[in-house]
Amino acid sequence: MTDDDLVFKALADPTRRLLLDALFEQDGRTQGELEEVVREHTEMTRFGVAKHLRLLEEANLVVSRKQGRSKRHFLNAVPIRAIHDRWIDKYTAARASALLDLKRALEDES
């Protein structure tokens with residue numbers, strides 16, 4: 001499976017997106033803190049959350065570091081940016097430019 005495939009697979013799940021959003025809001029959370037975030041939205045065991053975190057780590061979207069007895073999780077947005085540059089930016093750039101040109105032309109006529 002390619003790196004892009006791992007990222008798309010990771011982003012396809014709403015619980016994993018919730019975990020990424022939680023890390024975006026506050027980086028360096030423990031698994032226990034992330035479990036609380038997930039429990040606010042759905043019922044899930046700590047093992048389920050651990051499995052989701054493991055998949056995010058495999059996709060390189062989350063990096064973890066041990067600090068004493070706890071393990072902190074950090075968001076790595078680089079793979080998401082790579083997906084954006086590869087799959088989103090090139091498809092929106094030409095269309096967005098054309099729409100901006102049309103907008104300017106219509107505004108100039110007014």
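The stops below go from the whole chain to single residues.

**Before you start**

This is a predicted model, in which local features need pLDDT of at least 70, side-chain atom pairs count only at pLDDT 80 or more, and totals for chains, interfaces and linings use all residues. Residues are numbered from 1 along each chain as its sequence is written, and side-chain values use heavy atoms, with hydrogens and water left out.

**Stop 1: the whole chain**

Colour by pLDDT, the predictor's confidence in each residue, from 0 to 100. The chain averages 92. At least 70 is reached by 98% of the residues. Where pLDDT is low, the predicted coordinates should not be read in detail.

Now switch to a cartoon view. Helices (H or I, at least four residues) and strands (E, at least two) are DSSP runs, numbered from the N terminus. There are five helices and three strands. Their order from the N terminus is α-α-β-α-α-β-β-α.

Select residues 14–25. That is helix α2, with the highest mean pLDDT among the elements, 98. Then select residues 78–109, helix α5, which has the lowest, 83.

**Stop 2: overall dimensions**

Zoom out. The C-alpha trace spans about 65 × 30 × 25 Å along its principal axes. The radius of gyration is 19 Å, while a compact globule of 110 residues would have one near 13 Å. That radius is taken over C-alpha atoms, and the globule rule is 2.2 Å times the number of residues to the power 0.38.

How many of the 110 residues count as buried? The share is 26%. Buried means under 20% relative accessible area, exposed over 50%, and partly exposed in between (1.4 Å probe, protein chains only).

Contact means heavy atoms within 4.5 Å. Of the contacts with a separation of 6 or more, 50% are between residues 24 or more positions apart.

Colour the charges next. Lys and Arg count as positive and Asp and Glu as negative; His and the chain ends are not counted. Each charge is placed at NZ of Lys, CZ of Arg, CG of Asp or CD of Glu. The mean positions of the 19 positive and 20 negative charges are 7 Å apart.

**Stop 3**

Select Thr30, in strand β1 (residues 29–30). Is Thr30 buried or exposed? Thr30 counts as buried because its relative accessible area is 15%. Beyond four places in sequence, Thr30 contacts Ser70, Lys71, Arg72 and His73.

Step on to Gln31, in helix α3 (residues 31–39). Leaving out residues up to four places away, Gln31 touches Arg46, Val49, Ala50, Leu53, Lys71 and His73. Now draw a line from Gln31 to Ala105. The C-alpha distance is 53 Å, across 74 residues of sequence.

**Stop 3: Arg72 and Val63**

Arg72 is in strand β3 (residues 70–75). Arg72 is partly exposed, at 24% relative accessible area. Apart from neighbours within four places in sequence, the contacts of Arg72 include Gly28, Arg29, Thr30 and Glu33. Val63, Ser64, Arg65 and Gln67 are also among them.

Select Val63, in strand β2. Val63 is partly exposed too, with 39% relative accessibility. Not counting residues up to four places away, Val63 touches Arg72, His73, Phe74 and Asn76. Gly28 is 35 residues from Val63 along the chain, and their C-alpha atoms are 9.3 Å apart.

**Stop 5**

Pick Asn60, in the loop between α4 (46–58) and β2 (62–67). Phi of Asn60 is positive, near 65 degrees. Most residues other than glycine have a negative phi. Asn60 is partly exposed, at 41%.

Finish at Arg54, in helix α4. Arg54 is partly exposed, with a relative accessible area of 46%. From Arg54 to Ala10, 44 residues away along the chain, the C-alpha separation is 10.0 Å.
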